[in-house]
Structures are given as structure tokens and as C-alpha cells.
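Open the model in your viewer and follow the stops below in order. Each stop gives a selection and then what is found there.

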Amino acid sequence: MKRFRRPTLKQALTALSLALAAGTAMIGAQAAWPDDEAGDPVMVRKLTEAQYRNAIADIFGPDIKVVGRFEPDLRVDGLLAVGASAVSVTPGGFEQYEAIARGIADQVTDDAHRARLVGCAPGPADRNGARCAAAFLSKTGFKLYRRPLTAAEIKQFTATTAASAKELGSFQAGLSAVLAGMLSSPDFLFRIDQPDKDGKAVDAWAKASRLSFLLWDTTPDAELLAAAASGKLDTPEGLAKQTDRLIASPRFKDGIRAFFTDMLQLDGIDNLSKDVLIFPAYTNSVADAMREQTLRTITYLLVDEDRDYRDLFTARKIAMTRLLGPIYDIPVAKEGWYIHEFPEGDPRTGLLTHASMLALHSHPGRTSPTLRGKAMRETLLCQQVPSPPANVNFAVVQDVNNPTLRTTRARLLAHLDDEQCSTCHKVTDPLGLGLEQFDGAGQFRTRENGELIDVTGAFEASGFDGAAQLGRLFAESSQANACLVRTAWKYARGREPHGADSRDLAMLGADFADKGHRMGALFRSIALDPDFYALVPGGAAQMAAAGATHKEDTP
Amino acid sequence: MAVALLAALALGGADSPTGGEPGVRAFVLSNVYIASSGDAGACPVMADGGLERYFKLLSPEERAQYASAKDPSKIEQSKRMPLERAMNDHYVFLRVAIRGGGPGGAMPQAILPEGFDPNGTPTPQDALAIGALNGFPEGRGRLAFAKLTVAYSSCTNPEDFPELGEGFATYNGKIAPGIDLDGKRGKEDFTGMTGAKGVDNQLWRAVGCVKMFRESGEPRIAKKTFISARAPTIIELRGVDDPLNDDDVTVNVYAAADAVTRDGRGEALARASFALDPDTSLRSTTHGRIRDGVLTTDPVDLRINYKEQIIDSPRQFRDARIVAKLMPDGSVEGSIYGYYTLASYWDSIEHMTQNGANLTEVSCAGVKQAIDRLADGYKDPATGRYTAISAAFDFFGVRAFIIHPERQASAQ
């Protein structure tokens, strides 16, 4: 099995430093690093593409376009949030960051935005613009780096602005070059946590970042930064107040969307393709709408309605838009999104029957009970399913025109004659076969090649007949419940739990149950847990060592 | 019950249990087109377009300037534009833009009547007034090109240019698509495509040798073509107990307010939702029956949208019957047989504009003379002239959902 060794933090940051130095040399700015006196960083997490975009929109406004391709985020142990702790940027990825940064910096300093976003210019009282540069870079750097800039940093950036302006022929060009450098800096691209004075927990700035990225999936807002600056975030009351404010905000939906996008691996829809001759109703626009549908449904049920997480598996309500009417075979009267309710007894019930889930875990031209079952096991039950060996003969399964094996169930049964395959298929396929009434694009059907589809099966010793009943079993499953708690914990911490974390997880699970399985309560408990901000015993070294055992591909 | 379920599965088996109202089936039509007889040998000479006719009227010396080197009886492709300009100059065709220089920006701006709002919707009376102010012959001036221009040409006033319609070739084959609309066997009647006698289809006799109509009527081409996709027609069947055999279903024909979209294959997207056009004159209701999966309706007057590029001219059929096969994949293929009113048919030809007619090799004057001569339905007792012409149109459609106004209102 292929493995990779995760670099230590020091190795990774050193490599980045070199890359940054090469990159910023071209634009006349220099890398900014934490001062020596601030100590070594204790944990570094790369911003995901979504977090990067959210941060730029929050800092500069939604009219600043983030144009360019991002290096794909890395999924480790099922989550991008864990992959973000692996801290890796290739030289190609850095070039992409730099190009995006230049585009943003050019917009911020252009004629259309300068007055609002820069707010000053060289003048008689500030002939070379040093004061303007210092004010702008100090203010903007505070937002970008999620901490105050040191005096040395401000001095360095201001001097570089002047030098760049001279070289490039204008103050704005110089300012743009330095801003691009800041946007390419590890201090922006990575959440670099620093220890507090006692060295037992992260400092207030890191707390603000952890809280904000967990609950809003974006950079801390002014109030949260102010709470960090005043020290209030270091008090239990202050932390609770900010946590409750963030959860009560409409932006908590963004945090929940980000969490479920990661947990359900809905980012995979970006790379999903279907055979349009087989699924003509499927287009890229439809695929985007499928993902949006699932996320809107989740936030509607779990945030707007504050319902029990388990209801997600049994809810007949679903976000709907006209674009998805042909997939769900229903008339859609409204323009825009609305909440549609399927009638009692409809097979289209719960998350398992969302077109996003069904299409995502299918092949381009046919369903895959194996992929669907594997996804359910891994993402919803936190179980490990080994990957197939390289020499498997899929001929029987892939022959959809076999005149004697007309259904997917029949073909898979034939495939199970191979003992080497049957062990894993017995784990995955029964669940996936329960969803066979939905084709590879998520459209309902009752027959396959003219034969009635059998959707009976068993899960956790209970029988089911169809997706709706399977959804009910998931809702009642303690494993599904525990998996959500574990995944949320991993998402927040950016790492797999170790043995010492099991008590913490058990308490979190019990608390989640006590509070009615509400997502707001779960995230509140995570955010208020002192361990969320505590330094891992042994510091960065232990984390790096733990990372070295991560497998590149989930078995 | 079981039989009905199996029948339902046979006719579009992907239906979900909640796929719209029970007993209701609706289809959005991606193309409604003049049905072609398909018999290639029936037109030994194709009907001349207006430009081709003008070319033939030129003196040999003039004709040589525009003739193809390979075949001097044909127009050289690269000379069509100069020839069209010469034709416009010769007949003093006129067109002026109501606003903004007109389509393409190369048209003279019209002198407009006092108080006329160029951004409003002009009326035929406005067009006459604009014609009078801009040097048009007396009583001339018609709206053209999506009502952006006022024009005078052989397409707006074919009666002024009879020589352009002389020698127009009509269809003299024995076979034509259609049905016996009048219940009589006349000498003008055709034999149908499957051998039925007494078929009335004088429109095909009039234009069955026009290249454009023959090509657009080829099912292979028509199935891939979207016509009036931005304002499609919807056929709704209500009270369908059994989609294979049902003695009585209500058939509604509506104009949709939403456009047909293409699916991943480039064909009409099935099971999309459509709101209805509020214009109630574009709605009709009749009854029908289904036998072995084929719907046949009672006669009904239809007014269906025809909006395509520069054409916006609803088609009006009198005494129309819809015959449609409900296909196993949930789509529909069928025909509209009836009397196409001359006024609405001519309106669609007139909307083509002279330039459009030249491009598609249609002779407006020839078509006008032919339909006036061959019309066979709804005689006006005052004039003694027929006002409609028997016709056969085919269509393709896919399953759709209709959002009825009351449902749309409650949804909002």
C-alpha cells in the first residue's frame, strides 16, 4: 500500500519560506514570519479554497473577484479539515496562490476600489505615501493575518512599498505589490497558532481563528478580534458570549454548510461527470444545484428549524428549485429555492435519497451499490472499507446488457462468486442495493432492464425494504450518531482522535444526546471545550509524528 | 390496477410516485413543422425563390453579371448580395428603422409621426403613418423584423409584384400527409402516407416544392430542430385512466411562458416545469380518446405560438384534430390536421422579410398567389373567397409539467 510521510512542521514551513522568498522577490515584497519572540507555531492549518474565498469577501467585499485555480485541497482521514493540517503547497500551487493574490491586490488598489479600501494616498503632508502605506498595511494586515502586525513588520512592509513604488513607477503599484506579497504569505494562507503566555493553550488570536473558522468558515470578524485584543476571549464568559453570538448569527449556516460539505465530500461534485446519453437530464448546472439542494436542506432542517440531526435521514422536506424538477420528476411552481415536501410513504425520503449523494457515489453510466455502500459506511458510520485489490475482474458487474443478469443486484451476486471480493462486498453492497430504485443521476425508477428492482436488505440486524426504511434505520443507529460527533470533533481539531481523546469524545457524544442531537449544541460544546484550545501534549512534534502514520489513500 | 400500472410503466416507466397530478400527462413541443410528403421525385422543378425569379427576369447581359460560372442558369453564391441590392433598387423596396438604426444598424432611421413612442409597441396603423412620412407608396408600410422596422417589399405587398410569383412551382404529387378533413373525396384530394384516401392538404400542394419547407419537414431534421422554443406549445391530457386505451380524455392546448431547454444530448429536456402564457386566446380545450397508445382528438380551433427569430405570428387552425402517439419513453410524436387561416399563415411569411425570404429561397409573391388560389376552407360568404387552407403539421414533444396559474400563485 502506498504511504507518504508527512513532513514535520519545520520542514514544511521552511520549504514554504523558500517558495515565498522566490515568489515575493518578483513582486518586491518579503515574506512575513512570526517574530522569534513569539515562539514556534504549535499548529498550522492551510485555509481551504472556500475559507480563502470567504476571507477575501469579508475583508475586501464581495465585489473583489478571486480569479484563478486553487491547488486541490487534500482529504485525509475522510476530511479536508484534517488534510489542511498536513501543510503542503507545491511550487505549482504557490504560483497559483501568487497569481490569485496579484489579481486581488490589483483590484483592491484600482480606481474603482482604492477610495473605499485603501482610503488614502500620498499628498503634500505624506509625500512618498509612507504614512498612508503604514496605515493601510497595518489595518489590512491585521485582518489578513488575524493578529496585529508587529512594529517590525509594519516598518518592513512600508519600506518595501516605497521601494516597489519607485521601481514600478507609482505608489498604487507599490502598494499592490506588497499587498500581493501579504496575500501570498503563510501568515494569510495558513492558520499559524501561537501559544499563550503560559504555553498551555493557543493565544487569543488563534482562539478567535479557531472559533471563527469552525462556526463561520471564515476569518474572524471585527468583534471577535476585538474580544481577542481585550482579553475577553481568554475568559469563559467572554468565550461563551462570542460563541453564542457566532452560533446565533445567520452566518452559522456557512459553518454548517462547510462542515457537511467536508463530511459528505460534496466537493466531489465539482469533478463528477455522467454519460449524457444515459442521463440526459444531468448537466453541470444540475450537479451544482444538487449539492446546493443538500446543503440548503441541511441548514433548513438543522439550523433554521433546529431539528434533531437524526431527522436528516427521515425528512420528507427537501430544498427544491426548478432546475431539479426533471431529476425528481416533480412540477416546480416556484422560481428560486423553496422547501418541497414529498408525501407520506414516498420513497424519496431523507439524505440517502438526495440526488447529490446518489449521483456522487455512482459510476458515469450506471449506479454502484458498492460505492454507495462504501460512502455510507465511511462517511455516515465512520467505518473503514478496504479498497479493492488491483487485479479484480469487474467484467460481470460492468456488463449492463447481460441478458441473464438484468439487474445490478444479480450482477453483483455473480461477482460475489469470487471469494476474494465477497468479504468487502458483503459489507458495502446490502446498503447500496437499498438505493437501487435511484439511478446513477439520482432519478427514481422501479425497473432495470424491464425487471422489478429488489431493494430489500438488512442493516444492523434489522431488515429494510427501500431507501425510506433504510433511512429510518440510520436515524435510529447509535453508530451514525457517534460518527457525526466524531467527524465534527475531527473537523474542529484538524486531526484524528488519539486514545487520550476517547473520553472527550464520549462526553461530547453524551452531551449531544442530552441536548437532543442539535447541531448548534454540538458545535457550542466543541467551541467551549478548553481542550479545543489546549496545546497537544508534546506539542508540534507529537502532531507531526501522528501525521507521519497517515495513509495517503483510505484503505 | 396491475394492468394499469404495467401500462403506465410501459409508457414512460421512469415516473415517480409523485410525478405530478394523477391522471395528467403533459408534453412540451420542441418543434411544430409543416409535414412533408417526402417523395423526392414529385418536384421535378423546385419553386423559385424571389431572388431566383428576379434573376430569371433579367436580360441575358444583366444576368451574366450574377450567374455562376459553372451553371449560368444559377446565381453565383458570392453574387447573391449584389443581386439582392439590384432587386431592391429595381422594385424600390423600402425599409426604415423605427429605432436605433434597425437590425444591423445599417438602415435609415424613420421619420416618426408626432407623439409616436419608438419604444412602445407599434400598430399596423403606426406602420402606415410611418410609411406615409417616409416616401412609401400610398397606403403602404407594414411592420417587419420583430416589429423593429417598417417595410415595403414583395413580402409585405406581394400583390404589387405579381411578376415575382409567376411560374411558381406547386406540388403535383399524389401523396401527402394529412387526413380527410371535409369528409368528401375531391379531385384535389391526396392519398395519405399510409394509403388513406380523401386527404385534404392544399397547403402542401401550394408550398410542397419550396426547398425550405421540404427540408424543414424532414423528420430526421425536424427532430433535432427547436422551433418556437422560447414560446413553446404544451399539450395536456387530463383524466387519463389508462395511457394505452382510454375512451375519454380532456385535451388542453396551451402556450407556455417558459422556454424549452436542451438536455445533455442537445434534445428537449423532459419533465421540466412550464408556466402558462397569460394570453387566453392561446388556449384551447377539446376531448379525445386513446387507442393502443394513439391519441385522437375531436375537432377544435387552435391558436398556437410561433415565435422564431424575427417571426412572431401565432398559427391559427380551424377545425383542427390532433393525432399523437404516446411513445414508450414518455415522449410524444404527432400531427395537427386542420384549416390554417390564410391571414395567420400569410402573417408568418410576411414576417420573414424580403431579405429572409431571399436567404431561404422563398418567393413571397409565389406563396401568396398559390395559397390564395388553392385555399379550400371557410369560405367568406361576403367575398366568396376561402379564408383558410387545409394543412398538416407534425410535432415532437417530451413529458412536461404545467404550472397552472392558481398553483403558481399559491406557490409564490
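Start in chain B of this predicted model and select strands β2, β4 and β3 of chain B, which form an open three-stranded sheet in the order β2-β4-β3 with antiparallel pairing.

For one residue pair to display, take B:Ala144 and its bridge partner in β4(B), B:Thr149.

Move to the second largest pocket, with a volume of about 1200 Å³. Which residues are closest to its centre? Select A:Glu49, A:Ala50, A:Asp73, A:Asp267 and A:Asp270, out of a lining of 39 residues. To see which elements of chain A contribute, colour β1 (43-46), α2 (49-60), α3 (80-83), α10 (204-215), α13 (252-263), α14 (284-304) and α22 (478-493); each supplies at least two lining residues. Colouring the lining of this pocket by class gives 18 charged, 13 nonpolar and eight polar residues.

Last stop: return to chain B and select B:Lys379, in strand β15 (residues 377-379). Is B:Lys379 buried, exposed or partly exposed? Its relative accessible area is 49%, so B:Lys379 counts as partly exposed. Beyond its neighbours within four places in sequence, B:Lys379 is in contact with B:Gly384, B:Arg385 and B:Tyr386.

Methods
Residues numbered from 1 in each chain as written. Chains lettered and ligands numbered in written order. Predicted model: local features only at pLDDT ≥ 70, side-chain atom pairs only at ≥ 80, totals over all residues. Heavy atoms only, no water. Pairing = 2+ DSSP bridges. Helix = DSSP H or I, 4+ residues; strand = E, 2+ residues; numbered from the N terminus. 1 Å grid on protein atoms, 1.4 Å probe; cavity = no way out; pocket = protein on both sides within 12 Å on 5 of 7 lines; lining within 4 Å. Points joined across faces, edges and corners; volume = space filled by probe spheres on them. Nonpolar A, V, L, I, M, F, W, Y, C, P; charged D, E, K, R; others polar. Buried < 20%, exposed > 50% of the residue type's maximum accessible area, 1.4 Å probe, protein only. Contact = heavy atoms within 4.5 Å.
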